Every structure is written in C-alpha cells, then in structure tokens.
Amino acid sequence: MPITPTEKIWMNGELVPWESAQIHVLTHSLHYGTGVFEGIRAYETPNGPAVFRLTEHIERLFNSAKIMMMDLPYTVEEVIEATKLVVRESGLPSCYIRPIAYYGYGEMGLNTLPCSVDVAIAVWPWGAYLGEDALTKGVRMKISTWLRHEHNTMPPASKTTGNYVNSSLAKVEALKAGYDEAIMLNQQGLVSECTGENIFVSRGGVLLTPPSSAGALEGITQDTVMALAEDLDIECHVADLTRSDLYLADEMFVCGTAAEVSAVNSVDDRPLPCPGPFTTALATEYVKAVRGQIDRYKDWVELVS
Ligand code: PMP
C-alpha cells in the first residue's frame with residue numbers, strides 16, 4: 001500500500017522534514033533484520049486525534065527491544081510523548097503510526113551489543129489494510145505453505161523486523177495464488193495467526209483465538225476484542241486450533257491495528273458465512289472503542305493534545 005508523505009518524521013529526538021529522514025546504506029539493522037517496530041493508529045475524536053492504546057504499544061516496543069537486548073536511549077514516557085508530538089505536528093485527524101528502533105551506522109558483524117540504537121517515528125494517513133470492503137465482503141484466506149517460526153528460532157513475541165520475512169513470504173504466496181491474506185500454522189500444525197493479524201474462529205457459539213504459545217503475537221487488538229466480547233456476553237477463549245477448526249468454523253474474522261476487525265469469507269475455498277453475527281457485533285464495538293465512545297475504555301484513548 002502506497003505511503004502518503006506527511007511533513008515531519010521524528011528521528012532521534014528531532015522532527016526532521018519527511019524527505020530528510022534518511023539512513024546510511026551500512027545501517028546495521030538493514031543488513032541483519034534486527035530492528036524492532038510497532039504499528040499504531042490514531043483516530044479522530046471530538047477532542048482531537050487520540051492514539052488507541054498508545055502506552056501498551058510503546059511498552060510492547062520496549063519488550064521487543066528487551067528480547068533483542070537492545071537498549072533504547074529513551075524512556076517509555078519519552079517515546080509516548082514523541083509519538084503524540086508527531087501526530088500533533090502532522091495535523092492529521094487520524095493516521096497510522098510507525099515507531100522503529102534499529103541498530104545504526106558504525107558497526108558491522110552480528111554482535112549487536114556495541115551498536116548505536118536509533119529511534120524514529122513516522123505517521124501517515126492509511127486506510128483499511130485489507131481493503132475498504134473487508135468488513136462487509138470479507139477476505140479470502142489461504143493456509144500458507146510457510147510455517148510460523150517457533151519460539152526457539154525467532155521469538156514471535158518480539159516485533160523484530162527480521163521476523164517479518166516469514167510474514168512477507170506467506171503474504172506474497174497468498175496474493176499470487178489469488179487470495180487476500182494467509183493463515184499461518186506453526187511447526188506442530190496448530191493455527192498461529194495471519195501475516196499481520198490475529199485470528200478468531202467461532203465454533204458452536206464460542207469464539208476461539210490461538211495462544212501466544214502457538215506463535216501468535218500478543219495482539220493489542222486481540223486483547224481489545226476479547227474485552228469487547230465479554231461486554232457483549234460472547235463466550236471467548238484462548239485455545240489451540242487445528243486446520244479443521246478453520247474449515248468447519250461458523251464464522252471467522254481477523255484483527256490487528258492495521259486491519260482492524262476484518263471478516264473472512266473463505267479458507268482454502270471453503271466458504272464461511274460472512275460477516276457472521278459475532279464479527280458484525282465486535283467490529284461495531286471496536287469502531288466505538290477506538291474513537292472513545294465507550295466510557296469504560298476511555299483510558300485506552302490517549303489524546304495527543
Ligand atoms: N500478528 C502479527 C504478526 C502482527 O504483525 C500484528 C500487527 N502488529 C498482529 C498480530 C496484531 O497485533 P496488534 O493488534 O497489536 O496490532
């Protein structure tokens with residue numbers, strides 16, 4: 001999806017013009033995939049733009065860095081404030097936000113410990129990741145031939161740039177085969193997640209989503225959806241799922257910051273009712289939650305000014 005430039009990008013403590021936010025070709029993380037990043041969204045509210053669950057996203061960025069033994073030269077609070085600053089400066093009512101921390105220029109070789117750590121935060125306007133009609137028409141899913149990497153290969157709990165080689169292989173494979181998105185199984189054959197979303201499956205009136213032990217990222221949208229499900233009295237559990245659970249689902253949706261709540265209309269050409277009643281109800285609540293329209297989740301909506 002093309003990026004629409006905004007005016008400023010925050011780089012190592014300064015707002016620099018969009019086109020000046022450059023890195024050297026010998027930047028360490030470019031070679032070894034060792035950067036860590038986040039994907040966040042700000043939404044329009046009556047009190048101005050608000051970043052949804054900003055604190056949790058930045059805490060996850062620091063957790064990703066912790067797994068990589070990367071020391072960010074800023075505190076969580078400083079990165080939160082910097083994020084709000086970039087959103088404010090952009091003048092956008094809503095936007096996608098991409099913070100990234102990476103090993104910079106000056107060292108080469110696989111030892112990251114002597115490397116400098118650079119941090120950047122960019123924002124731009126970004127529509128629905130899986131398409132504007134992903135909620136109404138649903139997306140066509142393909143189970144990938146690529147397996148999700150397991151915990152002792154590449155830690156799935158860290159949003160490390162290199163981990164996304166796995167996701168990109170699966171995404172391109174799915175698109176080339178005429179599907180919209182891939183579902184990834186893990187090395188044991190259990191359902192893990194999608195290339196950039198968590199997955200929810202309904203069977204027998206119960207909503208199920210795979211655990212992080214299956215290789216899924218602990219999604220902030222997944223957590224939000226589970227809270228909303230509880231409010232709507234929808235029984236929802238974290239559970240291991242098999243390929244057959246996907247084919248025999250009563251309904252299915254995927255969710256993530258970029259994709260929000262997107263309905264699934266088929267898996268490997270087995271049609272599913274779409275959008276199902278849980279999908280519709282939860283997507284409706286999600287839209288309200290991110291815009292600060294649900295009182296009990298007001299704290300999740302972090303105003304930028
Ligand atoms: N899984 C993967 C692999 C992802 O990249 C993402 C997007 N960050 C998600 C799940 C969904 O996570 P979140 O809801 O926190 O955006």
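Which residues is Leu72 in contact with, leaving aside its neighbours within four places in sequence? With contact taken as heavy atoms within 4.5 Å, the residues are Leu61, Phe62, Ala65, Ala101, Val117 and Val119. The structure is a predicted model, in which local features need pLDDT of at least 70, side-chain atom pairs count only at pLDDT 80 or more, and totals for chains, interfaces and linings use all residues. Residues are numbered from 1 along each chain as its sequence is written, and side-chain values use heavy atoms, with hydrogens and water left out.

Leu72 is also among the residues with the most contacts inside the largest nonpolar core, together with Val51, Ile58, Met70, Val87 and Ile97. This core has 30 residues. A nonpolar core is a set of buried Ala, Val, Leu, Ile, Met, Phe, Trp, Tyr and Cys residues joined through side-chain atoms within 4.5 Å; buried means under 20% relative accessible area, exposed over 50%, and partly exposed in between (1.4 Å probe, protein chains only). At least two residues of the core come from each of β4 (40-45), α2 (54-67), α3 (76-90), β6 (95-103) and β7 (117-124), where helices (H or I, at least four residues) and strands (E, at least two) are DSSP runs numbered from the N terminus. Helix α3 gives the largest share, six residues. A second, separate core has 24 residues, including Ala227, Ile234, Cys236 and Ile294.

The ligand has 15 residues around it, of which Arg60, Tyr164, Glu193, Thr221 and Thr257 come nearest; a residue counts as near if one of its heavy atoms lies within 4 Å. By class, this shell holds three nonpolar, seven polar and five charged residues. Here Ala, Val, Leu, Ile, Met, Phe, Trp, Tyr, Cys and Pro count as nonpolar, Asp, Glu, Lys and Arg as charged, and the others, Gly among them, as polar. An N or O atom in the side chain of Thr221 is 2.6 Å from an oxygen atom of the ligand, and a polar side-chain atom of Thr257 lies 2.6 Å from a ligand oxygen atom. For Ile220, a backbone N or O atom lies 2.8 Å from an oxygen atom of the ligand. Of the 380 Å² of accessible area that the ligand has on its own, the protein covers 94% (Shrake-Rupley method, 1.4 Å probe).

Lys171 is placed in helix α4 (residues 164-176). Lys171 counts as buried because its relative accessible area is 15%. Beyond its neighbours within four places in sequence, Lys171 is in contact with Tyr129, Leu130, Asp180, Glu181 and Thr195. Pro114 lies in the loop between β6 and β7 and is partly exposed, with a relative accessible area of 44%.

Terms used: A polar contact is a pair of N or O atoms within 3.5 Å; within protein, one must be able to donate a hydrogen and the other to accept it, and residues adjacent in sequence count only if both atoms are side-chain atoms.
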